[in-house]
Structures are given as structure tokens and as C-alpha cells.
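Hi everyone, thanks for coming.

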Amino acid sequence: MVESKYMPLDGANAVSQAMRQINPDVVAAYPITPQTAVVQHFSQYVADGIVDTEFVAVESEHAAMSACVGAAAAGARVMTATAANGLALMWEMLYIASGVRLPIVLSVVNRALSSPLNIHCDHSDSMGARDAGWIQLYAETGQEAYDNTIQAVRIAEHPELLTPVMSCQDGFITGHGVERVGLLPDEAVRDFVGTYEARYSLLDTDHPVTMGAWDYTDYYFEHKREQTEAMNRSLPIIEAVCAEYAELSGRPQPILDMYGMDDADYAIIVMSSNAGTTRTVTRALRARGVRAGLLKPRVFRPFPAKQIVEAIENCKAVAVLDRAISFGSPGGSGPLFTDVAAALYNHGISGPILIDYIYGLGGRDTLPPMIESVYDDLQAIAASGERGDMVRYLGLRE
Amino acid sequence: MAQYETPRLDRPWTEVNPGGVVLEPGNSVTYITGTWRAMRPVRDTEQCTQCLICWIMCPDAAVAIEDGEVTGFDHDHCKGCGICAQQCPVNVKKPHSFTGDMGKVIQMVPESRFEG
């Protein structure tokens, strides 16, 4: 284990520090609130000669991801950052990156997607990209955003995966919130990420290859099957990278962060910054004798279905907190809920009563009394056996 | 004209290259796109001036040349797009040797006239 040096940093700056230490070959990016600070700080490191990175200032996020795809195809270690509508503009190229298996790392500072226009946090941007073939990590704190960024490089570049990684944190809440962040020594990060040797490079004229070629009805299906297999087998690889990083940093990096789940009757599953609020409420309730528990997935793609089912199968009632709506899904629920519900069914578990709360859209504050009301609801549901509304809204004026 | 090794179309997904990266340069020649063709370019060899504009303009490199002269079309790869006929700058002085029509030296003929 190495000693971290602690600094007061906002989450965006914490990511830029990780990028400085990773020293990627190419960064192509376009500014959008609340991601701007990531690239703003990083571009200063480029201007000051602190990193060797080729920084490409592009005209849009579509161009940013396109430049990243080109650079990664040339064999470079590539990173970028975006949020909300910027991520939406990258959409087409997200699939190119994952389909060609280019291990790009994308820092997403989660923000609501317009319309109506809103710059504050929810997960509607990255949740829409959950089927794009990218691994998705979600950070509770600026510290986790820093740690996840470094681990994302190793996960993406793992020879068995070669799959791009989206490392997400909550816009403004952690993105602009200053906290105490422990930075590893520069050389420790440099040694951890190592040197990237691309399997193929378009610049290697001695071994010419073609990427992104026409793939007709005869082979497209087989290539997609191979791609989904890589994602399907990725969890143990992610866990191994996380374990190595945990040993290096002294900070645990579980796939599922759990609190009180050993004996919980009532559980809340929530990702990103609100897990902090939920943990505080859970701790207070447990002190009062309520068997409450928190489950925070750090990894959403691939979905850790088996691990989540094993954690909640003995609960009486479970609430999923979704910071995005999957419009038109059963009951208008959120994407985390639909995956948890499917996981329970697929593992033959029907014990816990499962409900969903849509919360925090457009940066709406989700405060401790609201989380406590969720636990109240869960206890009432367990006592009566009546589920009531499957999809509910937390912090909405009704 | 198919003297190429036909690509294997029976590989299971466990044997495909991740990302669909093509490792054999120049193998698009094995991909027979001539079957897409609905119209075939036919050149009046007598009235052709060998200006080579069709050879320059063909997007599929399907105009065959030998010693600086057009010798014919590569029907394994010509998709019948008609650019050669459109770009052919030479108007025939007498009816086209195949179609019997006036117009360009290269003219597009329905593929059905060559089948069966």
C-alpha cells in the first residue's frame, strides 16, 4: 500500500488529477457544464507541459468521440469527458468505439438531458447509453471518481475485454463539491496503469489492418455475439483490477458497496452520491433497531445481477432509487429497477417486495427525511404485505 | 473471372476476430459484389477512344486495363452503378455495337439480357 496525499478537490478536478497522473496519449474533448472543469484543469496541464498528451480541441462532442476513436485505432491510450447533451451527441460514435473494441475512457459528469433545459444532476444521460456496449462505473464521491478513473484505464485495456469504460459521477453534487480527496503518488498511478500496447494499430504499416469495415448479414451477428461475451465475462476481470487497486490505495473497491446488508429486512439500492445520504439515514435507523441496509452498485454495466440477488434475497422489502426514468418501461420505472426486478425473476427469487422510487431529477435535492420516508414505506409494506404503487416519486410535489 | 479464394462464411462466433478487425490487407477482392448488379455497362470496343476516363471514375476499380488500354469490366466487382456510362465523354458516330442505339460508347444494359 502507498500513502495518499490528501487535498481539497471538487470531483471534476479530482478526475483531472487522475488524468494528469495517467498521462494519456490523446485527449479530445469539448466543454459542457458540469464536465467543463475536468477538461479545463487537464488542458492547463497540457499547456504547462506537465503531461505529454496530445490535446485535440474539437468542434463538438461527436467530433470529440470521433477523434478518440481515430486515436485509439492508431494505438493510443485515449480519454475524454462529457455530460448530458454532449454525451447524447457522442451517441453514434459510442457504438463505433465499443464495436471496434477501442478501450477509451470517458469521464461522465452526470447531468439531466434536455428538454426542459436543466444543467443539474440526474442519470438520464448515461442511463440512455447503457446499451452502447460500454462498461459503466458510478462514483459516490469525488474520491471514488478519482479512483474509478484510474481503474477504468486498466479495465478498458484488459486484453480479454478491450471495451470502453464510462466513469460517471454526479454533476455539481460531487462534480463541483469540494471534499477531501486522497491522491496516490504520481509514480504509483503510472506503475498501476502501465504502458498500453494496442493489439492493432492503424499506424503499424508493417502489419496493416482494417477497422470498422463493412460487415454484412454473414458475420455482423457473430461479431456482436463475441462482443456481448466479452461484457458477460467482464465482472471477474473488473473485480480483479479493483482488488489490485484496493491493495495499492488501501481503499476498498467492491463491485457492490454494502452497509447493514448482513441482516437487513429493508434495503435501499441506490447509485452515486445519494448513497452517502442513504448510508447516513441507514446508520441512524440501525441505531434505533431498524434492520435497514444499503446496497450501492459501483458497476452498472455489466449488471452485477447475481451479487445483487444474493444480497437482497432474504430482505422483506426493497426499494430501488432511480435517478432516471426509462420512459414507457413497465410502470414508467427506472433502468436500475427493471434490471433488479429481472435479476430476481431470473434467479427464481420472489421473496422481497420490490418498489421503485424516481428521485432527484434535474438536480432535485434528496434529503435524509425523504430517505427515511422510503424506509417507513418499506416497513409498512412488509407489515401489511401490500405493495401498493410499484413506481413512486421521491421529492416530487404531489 | 473468379480466381480468388472464396472467404469462409461458416465460422462460428467463437472464431471471429474481436471488433471485426480485418487482418488480411486487400481481401475485399474476395468479396464478390458483382451479384448486386441490375444494369451492366457495355462498351463499343470499336468506337472507344481509350481516353480512360471510365477507368479513372469507376469507384470499384472494376474497369480492367492492360498496357494502358481498357480491356473490359470486372464483372465480379462491378455493381452496375453506371458512373462509367455517365462519365463516358465519347458519343458514338454510328449505332452502338451492342444496343444499336445512339449515345455514349459505354451504355447500361439490363442484366436480364445476359442471363439464361
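Let's start with a definition: a residue is buried if 20 or more other C-beta atoms lie within 10 Å of its own, exposed if 12 or fewer, and partly exposed in between, with C-beta atoms placed from the backbone. Keep in mind that this is a predicted model, where local features need pLDDT of at least 70, side-chain atom pairs count only at pLDDT 80 or more, and totals for chains, interfaces and linings use all residues. Residues are numbered from 1 along each chain as its sequence is written, and chains are lettered from A and ligands numbered from 1 in the order in which they are written.

Chain A, then. Of its 398 residues, 52% are buried. The chain holds 13 helices and 15 strands; these are DSSP runs numbered from the N terminus, H or I of at least four residues for helices and E of at least two for strands. Its radius of gyration, taken over C-alpha atoms, is 21 Å, close to the 21 Å from the globule rule (2.2 Å times the number of residues to the power 0.38), so chain A is as compact as a globular protein of that length. The C-alpha trace spans about 70 × 55 × 45 Å along its principal axes.

Now zoom in on helix H1 of chain A, residues 11-22. Its 12 residues reach 17 Å from first C-alpha to last, close to the expected 16 Å, which is 1.5 Å times one less than the number of residues. How many residues of H1(A) are buried? The count is 12 of the 12, so the helix is largely enclosed by the rest of the structure. Just after H1(A), A:Asn23 takes a positive phi of about 55 degrees.

On to the nonpolar cores, meaning sets of buried Ala, Val, Leu, Ile, Met, Phe, Trp, Tyr and Cys residues joined through C-beta atoms within 7 Å. The largest has 123 residues, and A:Cys68, A:Ala267 and A:Ile269 touch the most other members. Helix H3 (residues 61-73) of chain A gives this core its largest share, eight residues. Apart from it lies another core of 12 residues, including B:Phe73 and B:Ile106.

Finally, where the chains meet: 18 residues from chain A and 12 residues from chain B take part in the contact, which requires C-beta atoms, placed from the backbone, within 7 Å. On the chain A side, helix H8 (residues 220-232) supplies the largest share, five residues.

Key. Contact = placed C-beta atoms within 7 Å.
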